[in-house]
Amino acid sequence: MTHTRMRTLGATLVAAMATSTVLGTGLTLDTARAAEAAPAERQTTQAAQTTEATGTTRTADARRDDGPTRAERILGVARAQADDVYRYGAAGPDAFDCSGFTQFVFRNAVGEALPHSSAAQVDRTQRVTPAEARPGDLVFFYDGGGVYHVGIYAGDGYMWNAANSEADVERTKIWTDQRFFGRVR
């Protein structure tokens with residue numbers, strides 16, 4: 001099985017493979033295929049662990065160290081849609097409007113079901129300041145009439161979005177200060 005396929009296994013299999021006893025005994029291809037066919041748990045699930053020495057609680061990431069982060073998965077799916085056409089009301093896989101694009105990316109990258117409306121997607125996020133914004137967060141644009149556009153923050157003042165029929169899906173510089181960031185809950 002290739003390294004890439006190994007990274008796509010569910011969190012349960014990945015955690016089991018990380019232990020030396022499982023690695024020492026070997027994992028059969030049938031076991032790996034069965035785990036891969038099962039619905040994958042979120043690889044970024046956080047698990048609280050108590051350290052015996054200090055009695056403190058720390059949070060440990062349940063995904064493998066070499067697996068893609070949530071942001072990498074989101075940006076990878078967004079990047080894969082580059083140059084797909086803009087079409088009002090479309091939600092993929094080959095044509096998108098702005099909220100259809102973010103809906104498609106989050107569903108395929110991290111299993112999040114977002115509504116197909118930029119204004120409705122605001123309600124599925126927790127606002128974060130521009131300084132707290134991380135790649136993979138949503139960027140909402142507003143004017144006097146409310147939220148009118150959404151994209152996926154790519155970092156360093158850039159975003160992935162399906163802006164209009166003249167631009168299609170692309171990575172662009174964020175063009176206005178009339179925007180805010182939201183992290184999907």
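What follows is a chat about a predicted model of a protein.

Colleague: I'm new to this one, so how many helices and strands does the protein have?

Modeller: The secondary structure of this predicted model comes to 7 helices and 10 strands, and buried residues make up 37% of the 185 residues in the protein.

Colleague: Which strand do the 3 bridges join to β8?

Modeller: That is strand β7, residues 146-155, which runs antiparallel to β8 and is joined to it by 3 bridges. Gly-155 has Tyr-158 of β8 as its bridge partner, and the hairpin of β7 and β8 has 2 residues between the strands, with Asp-156 taking a positive phi near 55°.

Colleague: How many bridges join β8 to β9?

Modeller: There are 5 bridges between β8 and strand β9, residues 169-173, and these two strands also run antiparallel. Tyr-158 has Lys-173 as its bridge partner in β9, while Ala-162 stands opposite Val-169. The hairpin that β8 and β9 form has 6 residues between the strands, and Asp-168 in the turn has a positive phi of about 55°.

Colleague: What lies over the face of Tyr-158?

Modeller: Arg-171 does, at 4.1 Å from the ring centre.

Colleague: Changing topic, which residues in the largest nonpolar core touch the most other members?

Modeller: This core has 24 residues, and the ones that touch the most other members are Ile-74, Phe-101, Val-105, Phe-106, Leu-138, Ile-152 and Trp-160. Two or more residues come from each of α5 (70-80), α6 (98-110), β6 (138-143), β7, β8 and β10 (179-184), with α6 giving the most, 7 residues. As general background, nonpolar side chains in soluble globular proteins tend to be buried together.

Colleague: Take Phe-101, then: what is it in contact with beyond its neighbours within four places in sequence?

Modeller: Leaving those neighbours aside, Phe-101 is in contact with Ala-78, Gln-81, Phe-96, Ile-152, Trp-160, Asn-161, Ala-162 and Val-169. Phe-101 also forms one aromatic cluster with Phe-96 and Phe-104.

Colleague: Which residues of α5 are buried?

Modeller: They are Arg-73, Ile-74, Leu-75, Val-77 and Ala-78, and what covers them includes α6, β7, β8 and β9.

Colleague: How many aromatic pairs does the count come to?

Modeller: The count comes to 7 aromatic pairs. One of them is Tyr-142 with Phe-180, whose ring centres are 6.1 Å apart and whose planes are at 40°, so the pair is tilted. Tyr-142 lies in strand β6 and Phe-180 in strand β10, so this pair ties together parts that are 38 residues apart in sequence.

Colleague: Is Phe-180 buried or exposed?

Modeller: Phe-180 is buried, because its relative accessible area is 11%, which is under the 20% cut-off, whereas Tyr-142, at 31% relative accessibility, counts as partly exposed. The charged end of Arg-127 sits over the ring of Phe-180, 3.7 Å from its centre.

Colleague: How far apart are the ring centres of Tyr-153 and Phe-181?

Modeller: Their centres are 5.1 Å apart with the planes at 75°, so the pair of Tyr-153 and Phe-181 is edge-to-face. Tyr-153 is in strand β7 and Phe-181 in strand β10, and the pair links distant parts of the chain, 28 residues apart. Both Tyr-153 and Phe-181 are buried.

Conventions
Residues numbered from 1 in each chain as written. Predicted model: local features only at pLDDT ≥ 70, side-chain atom pairs only at ≥ 80, totals over all residues. Heavy atoms only, no water. Pairing = 2+ DSSP bridges. Helix = DSSP H or I, 4+ residues; strand = E, 2+ residues; numbered from the N terminus. Core = buried A, V, L, I, M, F, W, Y, C linked by side-chain atoms within 4.5 Å. Buried < 20%, exposed > 50% of the residue type's maximum accessible area, 1.4 Å probe, protein only. Contact = heavy atoms within 4.5 Å. Phe/Tyr/Trp six-rings, centres within 6.5 Å; stacked < 30°, edge-to-face > 60°. Lys NZ or Arg CZ within 6 Å of the ring centre and 35° of its normal.
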